[in-house]
Amino acid sequence: MIDFLAMIPAFVLGWIFVRLLAPLESRLEVPLGLGLGAGISSAIFFLLTWAGVASRISTIGAEAVFIGAGVALLFRLKRPRQERKTAAPPSWIWILRIAALIAFALVVMDFSQSLSANPDGGYDAAAIWNIRARYLAGGPQSWHYAVSPATGTNHPGYPLLVSAFVARTWTLLGDLRSSTPAALSAIFTLATISTLVAALWTLAGEVFAWLAALLLLASEGFVSQASVQYADIPLSFFVLSSVAVLAIGAARDWPPSLVALAGVFASMAAWTKNEGLPFLAFVFVAVLWRGGLRSAKCFAAAAAPVLILTLAFKLFVAEGRESMFPATASQAFQMIAASSRWSEIFASFARNFWELGPPWAHPFLLMAILAWAFGFAPQARSRVWMLLAPAGLLAADFAVYLITMSGLTWHLSTSNNRVIIQVWPALIFSFLLMLRELPLAADNHGKRPSRSKTSK
Amino acid sequence: MWNRTALAALAVALLAIAAAMRSYELSSQQAPDPYGVTAGQTRFAAALELLPATGVIGYLTDMPVGENTGSIAYMAAQYAVAPRAIVPIGKLPAEWALGNFARPGNFAERGAQAGYRVVRDLGNGVVIYRRTQP
């Protein structure tokens with residue numbers, strides 16, 4: 001509980017940032033603010049650490065200054081709330097509400113059970129993310145260990161959002177308790193589910209919102225990652241948030257505020273994991289394609305600060321280089337030309353998609369049922385652009401596997417399920433937005449939500 | 001009225017709950033602390049009171065760090081003593097060293113060979129060393 005209390009200033013900061021930049025429905029602002037707050041606070045803590053002045057007082061002081069400035073701006077600008085009236089849902093909506101509640105309760109029990117078995121998470125949590133957080137929380141004499149391979153640190157060049165936020169919270173609390181990274185995992189899992197529900201509620205109505213929640217909560221692959229304390233669920237949050245905010249922006253004719261907010265979220269993806277960098281590039285291409293040059297400039301400007309921070313960290317702070325890629329182009333071409341590598345990677349992707357859930361309730365089966373019942377919207381093709389960045393990220397992962405210098409079988413077995421999870425919530429979101437609106441029904445009181453057009 | 005979409009939603013709801021229940025059952029089957037990370041924090045708790053709060057600490061072990069068991073034991077020890085950094089003896093200069101042994105043996109002799117003397121044997125294969133005068 002104390003962990004959550006120590007995280008509250010960060011979450012308030014994130015909410016204020018979302019509210020200032022692009023006011024949305026409050027049900028969406030809150031989960032977006034949770035994740036963004038963790039991102040902003042981690043960046044502040046890292047900068048304080050880099051400057052050699054990180055401490056409990058400087059951290060809370062810096063956050064207080066930002067919160068104070070944000071609150072002052074909120075009062076000054078008097079941002080109007082974006083509460084939109086939604087249509088009355090069908091009479092059977094209670095089934096979905098209760099089902100989502102039960103499924104969520106089961107996931108909470110799952111999370112709790114996993115955490116009691118492994119309070120420090122999975123292997124990589126201790127070997128990479130949380131040990132780096134411990135070094136960062138150690139102050140001026142030890143934070144360098146988090147970014148240097150000389151002292152046996154694994155992957156010192158991995159981006160720092162998760163580690164720096166855990167370190168920031170440990171610094172505030174004054175100890176290195178195991179519950180802090182666990183609490184952050186819970187927050188990001190909750191924020192991902194809530195963002196999925198709220199964004200679909202905004203764009204497509206309550207029925208699709210709860211269906212999205214059920215699809216995600218039925219995905220064993222996602223649920224099993226929730227408690228391991230890696231950076232994949234946080235990355236899936238930023239991937240989903242970028243896509244969702246852009247989809248809302250596209251439905252509202254690309255307002256600069258929403259495009260900028262999407263840029264901030266996409267840049268936070270890059271600050272979370274290496275995969276976030278190609279994702280950011282793919283989102284930029286999607287914005288340029290659908291929103292035009294003006295939107296692309298707006299997106300780039302908003303993404304720039306955190307992107308620059310990430311690149312500065314990689315270029316000037318992190319020591320050593322990942323030896324994952326071949327040293328020469330000819331070696332890379334040889335690997336690309338090996339058909340056995342292609343087939344092994346394809347088989348692994350297929351297996352890991354298959355293992356997302358049990359065959360009798362596989363998310364693809366549930367999607368197929370929904371596609372059969374609702375049908376695809378006539379304008380579904382014009383919404384395919386939403387898949388560009390998540391699919392692009394999967395393609396980039398595929399390319400990395402092709403030329404990885406780590407043993408391919410080992411590399412696939414230790415990461416392939418997680419790269420799918422990184423984009424899974426965004427894929428569910430995009431899929432449901434392609435379905436046809438609910439048909440008019442006699443028991444559907446009032447006007448149904450009108451799915452805004454997302455094509456230019 | 002129950003139309004096709006309502007029936008589909010009902011089917012998805014029931015199947016999703018069943019899938020979530022299965023996930024919950026699977027999570028009950030996972031091995032507790034398979035890498036000894038949580039146990040390591042208990043194992044090395046007494047060592048934290050003797051070692052300096054920061055800095056590089058040497059690491060002495062009978063489990064080769066290059067092998068699977070040794071690398072997992074090293075990782076668990078690294079995590080337990082962080083924010084101190086522990087590195088295998090000889091890699092970086094270190095005034096203090098942490099012994100992490102799986103089997104009984106002459107720990108003083110092991111330390112002496114590396115230029116360290118025993119400060120305290122904490123039992124259970126955990127030993128605190130300090131560099132002997134050069």
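Which strands of chain B does helix α4 (residues 68–81) lie across?

First, some ground rules. This is a predicted model, where local features need pLDDT of at least 70, side-chain atom pairs count only at pLDDT 80 or more, and totals for chains, interfaces and linings use all residues. Residues are numbered from 1 along each chain as its sequence is written, while chains are lettered from A and ligands numbered from 1 in the order in which they are written.

**Stop 1: chain B and its two parts**

Select chain B and colour residues 1–30 and 37–131 separately: these are domain 1 and domain 2, with bounds from an automatic or database domain assignment. Their C-alpha centres lie 49 Å apart.

**Stop 2: the sheet**

Now look for an open sheet of five strands in chain B, in the order β2-β1-β3-β5-β4, with mixed pairing. Strands (E, at least two residues) and helices (H or I, at least four) are DSSP runs numbered from the N terminus, and two strands pair if DSSP finds at least two bridges between them. At the edges sit β2 (85–88) and β4 (116–123), each pairing on one side only. From one strand to the next, the twist averages 30 degrees.

Select β1 (56–61) and β3 (96–100) of chain B: they pair in the parallel sense over four bridges. Click B:T61 and you'll find its bridge partner, B:N100, in β3(B).

Next, move to β5 of chain B (126–131). β3(B) and β5(B) run antiparallel, joined by five bridges, and β4(B) pairs with β5(B) in the antiparallel sense over six bridges. Another pair to pick out is B:R117 with B:R130. The hairpin of β4(B) and β5(B) has two residues between the strands, and B:N124 there takes a positive phi near 60 degrees.

Back to the opening question: α4 of chain B lies across β1, β2 and β3, running at about 150 degrees to β1(B). Axes are lines fitted to C-alpha atoms, for helices over the stretch in contact, with angles from 0 to 180 degrees between N-to-C directions.

**Stop 3: where the chains touch**

Show both chains. The contact takes 53 residues from chain A and 41 residues from chain B; two residues are in contact if their C-beta atoms, placed from the backbone, lie within 7 Å. On the chain A side, α4 (93–117) is one of the elements to select, and α4(A) gives the most, with 12 residues.

**Stop 4: the core**

Finally, find the largest nonpolar core, with 194 residues, where those with the most contacts inside include A:L200, A:F429 and B:A16. Such a core is a set of buried Ala, Val, Leu, Ile, Met, Phe, Trp, Tyr and Cys residues joined through C-beta atoms within 7 Å; buried means 20 or more other C-beta atoms within 10 Å of a residue's own. Helix α7 (179–204) of chain A supplies the largest share, 16 residues.

End on A:A212: leaving aside neighbours within four places in sequence, its contacts are A:L196, A:V197, A:L200, A:I428, A:F429 and A:L432.

How values were computed: Buried ≥ 20, exposed ≤ 12 C-beta atoms within 10 Å, placed from the backbone.
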